[in-house]
Amino acid sequence: MARISQLALAACLALSALNADAFTAVPSKTYVSTRNQPLFLSSTEAKGSSLKRLPESAVELTIHVPASATKAAYDKVLAEVSKKVSIPGFRKGAKIPPQVIENAWSKNGGKKGLRTMAINELAGELIENALKEEHELEPIGQPSLVTSAEQLAESFTPGEDLDLTVKCDVWPEIKFKQVEGQDKPYSGLKGSYKRKPFNQQRFDAALRDLLERYAKLEPIDDASHALTTGDACKVNMVGYMATADGEKGEPLPNAASGDDVEVILGEGRYMDGLVEGLEGGKVGETKTVKVRFPDALKNKDLAGKDAIFDVEILSASRRSLPELTDEFANQVREGLTAESLKEELRKAVDSQDAQEYMGARNQALGKALSDIIDVDVPDTLVTNQAREKYALMMTDMRDNGMADEEIKKLINPENFIKYKDIQKDDIVRDFKISMAVDEIARLENIQVPAYQVEEQIQSLKDQAAKEGQSTDGLDDEQMRRKVESTLERRMVYDLLAEVAELEVEYVEEEQFDEALLEKLAQESLEREQAATAAEQASEEGKQQDEIVATAAVVFEEDVTIDTESAEEEIVVAEEETEPVKSEETSASAEESESVASPRSKDEG
């Protein structure tokens, strides 16, 4: 779960001034009405409203407010204000003439201020009811008056009819485009994605294991038959721990030995040495077989240890595997054919690898979905999503080391508008896909079993505990909704994949080149060492330049002093100082050149 830092939160708040309506939380798609008629209207007084559809799932709603409602709203405002002002000559709670209240309210706008309050009261009382009850629309964000309440107050007269016109984004309607040849428009979605190749070796091993379970045994009556790979035999086994010199030691626990044990001579089936020790054996013989227990054995007293078994061969059989035919498949499960069995086996073998590329598959399905869905995405939703992405981007910048002061310079309406414009197409596409998936879940009546939700929640809590994170502050109900939504969407994508026509491009994974990595690391180290050396040389050069400059200043001061003494002393000073100046300058020039050369080369 992504965390939004205080800086990201500040980014959201700073941007909220850009469009206050757009940052109102998106409401639920269902609602419960608390009343059938607003307080200001009776069923006989209501005049209704007219609705005009606008692009991007916006509407323009005009409410026709009758005279009785405008008077009631103004009277309500006067009654509330009368409780807040103190007017000489009137008791608190007494009925005060409107003109007196309007004069007393002069500091707050007087009559115009009161009428503005009445218009806002009407808007708050009527707009939501008209949208939800009359037009069955769900508003997103805060509806806004096309003409502000302050402007309407200029011509507003209590007791006269009034038209209130507002604009608002509403929850969009979703429509699927008709797809030729498909009963359902979301069947047969076309797309492509990449994934690593199917693991044929694992499939072959799984198929062989299945055939092995149905192997037939044919007893071998020939007493001279020597056991070989593929044969089966019944044996009695008595085991001993091996001593340091390879002799029999303490007897093994009874669980490690056994009578009438079936052993199939095949590679990788048992502990190392057992099959090899039995090969060539004959019925009636007792063979001494040296083995080593697997390192991963649960019994840690035996894991990785050497042992010796006395193995008495009781009987031998030849094993023959069935052929993969329709008859065999039906024996595995009634109704299966050879092809359907292989297909099921392929899915089972590939399930782990396929899970790794589930995101790529779903992305291909989502892209195809976005092409067949027709829906206007409200700007409010685009702005909300862009705001969240912008805030997270600021957080990432901070996590990557950018100073807070630099980040704060980026947080302004102009930058946000540019960011929103860049992200808009992706946000719109993602929203359309999200709506389509939810609608398909509704149409197909897809429901997540409660036990799966609980299992996933418990798994998330266990993972958090394993990572040392506390789950005390988590909202269980909110987590349950998110988990259920995630699982539901996964079920929808699985349904779509079953009836889709996706092309899968199998690509080999890139091999890890250790030699190349080591070479790159060495080159990086050499560049770093060269840069360090150049920096040191540059610093030494600066220090030498400072010495030369200081010497030059001192020399100039000496010349000035000598000049003020006498003409003869100037001559003497020149004779004495000239060789010194030349020597210092020459030396510094040589050193500067020797230091500057490599530095200039490095800079170039």
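Predicted model: local features only at pLDDT ≥ 70, side-chain atom pairs only at ≥ 80, totals over all residues.
## Confidence

The mean pLDDT of the protein is 79. Of its residues, 78% reach 70 or more. Residues 1–37 have pLDDT below 50. Beyond near neighbours in sequence, that stretch has 66 contacts in the model. Residues 544–604 also have pLDDT below 50. Here the model shows 19 contacts beyond near neighbours in sequence.

## Overall make-up

The protein contains 17 helices and 14 strands. It has 604 residues, and 32% of them are buried. Its accessible surface comes to about 38,400 Å². Carbon and sulfur atoms account for 48% of that surface.

Contacts can also be sorted by sequence separation. Take those between residues at least 6 apart in sequence: 75% of them join residues at least 24 apart.

## Helix 2

Helix 2 covers residues 67–82, a run of 16 residues. How far apart are its end C-alpha atoms? They lie 23 Å apart.

The buried residues of helix 2 are Ala69, Thr70, Ala73, Tyr74, Val77, Leu78, Val81 and Ser82. An α-helix has 3.6 residues a turn, so residues three or four places apart point the same way.

Definitions and conventions: Residues numbered from 1 in each chain as written. Heavy atoms only, no water. pLDDT = per-residue confidence, 0-100. Contact = heavy atoms within 4.5 Å. Helix = DSSP H or I, 4+ residues; strand = E, 2+ residues; numbered from the N terminus. Buried < 20%, exposed > 50% of the residue type's maximum accessible area, 1.4 Å probe, protein only. Areas by Shrake-Rupley, 256 points an atom, 1.4 Å probe, with all protein chains shown as cover. Expected span 1.5 Å × (residues − 1).
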